[in-house]
Amino acid sequence: MPVVRKKKTRDFSSFFGILFLLIVIVSVVLSLGNFIRYREILQKYDQLKKYVDNKVLEMNQQLEQTKTLIGPNSVIDKYISASTHLKEFGYDFEKILTAINDDPTTGYFMMFVVGNESVWVTVKDKDNTYFSKEVKPGLSNYRFFYFKEPKIKTNYDIIIPPESTITVGKTGKVYLLFYGVGLRFHPTKVVQLTDLTYENIATKFSLYIPGR
């Protein structure tokens with residue numbers, strides 16, 4: 001009987017030993033799995049953190065660039081100021097060009113409005129309207145070329161066919177100063193528009209046009 005009891009005790013001890021070993025092995029395996037999983041989570045966290053940090057950095061850089069572009073004394077601010085200045089300067093510069101650029105091989109006329117009120121003037125033919133707006137009192141900057149284009153053309157130079165029709169809103173208020181072909185600077189003819197409409201200005205005002 002005592003021998004059998006000892007055998008059973010050894011078997012029981014062996015069972016618990018194996019069970020303990022299995023528990024240790026399973027614990028180690030689970031620990032390794034958790035460690036690996038933890039490392040993966042850390043790596044993903046680091047990747048996510050780097051991504052967010054990069055995005056935040058990019059946003060900050062874009063914000064600074066935006067401030068640099070649109071803020072006070074910025075590039076765009078300076079560009080707008082420069083554009084405005086150049087536009088105003090260009091406007092005056094074209095007036096200067098219009099005044100000094102007078103080619104005697106061309107034929108054109110200018111308008112002079114008397115009185116204190118602006119007058120509506122339209123220059124057109126059957127197919128096109130070349131000019132239609134109010135002209136202020138005094139000598140207008142616009143030049144209407146009925147023969148040849150100027151060598152330097154500005155926004156004040158308007159090319160029209162010699163058969164054009166002129167219509168004015170008020171009679172007697174508008175004078176046409178013709179600068180004939182072959183002469184320079186001084187008008188060769190001054191005509192007061194006493195009617196509302198003048199058709200075929202070349203014939204109406206007996207304009208000299210070479211080749212016709």
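Analyst: A nonpolar core is here a set of buried Ala, Val, Leu, Ile, Met, Phe, Trp, Tyr and Cys residues joined through side-chain atoms within 4.5 Å, where buried means under 20% relative accessible area. The model is predicted. In its largest nonpolar core, which has 29 residues, the members that touch the most others are Phe-109, Val-121, Phe-144, Ile-166, Leu-176, Leu-193 and Phe-205. Two or more residues each come from the strands β1 (107-113), β2 (119-124), β3 (129-135), β5 (143-147), β7 (165-168) and β8 (174-179), and from helix α3 (201-204).

Leu-193 illustrates the packing. Leaving aside residues up to four places away in sequence, Leu-193 touches Ile-166, Val-168, Thr-171, Gly-172, Val-174, Leu-176, Tyr-198 and Phe-205. Another core, of 5 residues, lies apart from the largest one and includes Tyr-108, Met-110, Leu-177 and Tyr-179.

The wider fold gives the context. Of contacts between residues at least 6 apart in sequence, 61% join residues at least 24 apart. Among the 212 residues of the chain, 26% count as buried.

In soluble globular proteins, nonpolar side chains tend to be buried together. Ile-18, part of helix α1 (residues 2-70), counts as exposed because its relative accessibility is 52%, and the cut-off is over 50%.

Notes
Residues are numbered from 1 along each chain as its sequence is written. This is a predicted model: local features need pLDDT of at least 70, side-chain atom pairs count only at pLDDT 80 or more; totals for chains, interfaces and linings use all residues. Side-chain values use heavy atoms; hydrogens and water are left out. Helices (H or I, at least four residues) and strands (E, at least two) are DSSP runs, numbered from the N terminus. Buried means under 20% relative accessible area, exposed over 50%, partly exposed in between (1.4 Å probe, protein chains only). Contact means heavy atoms within 4.5 Å.
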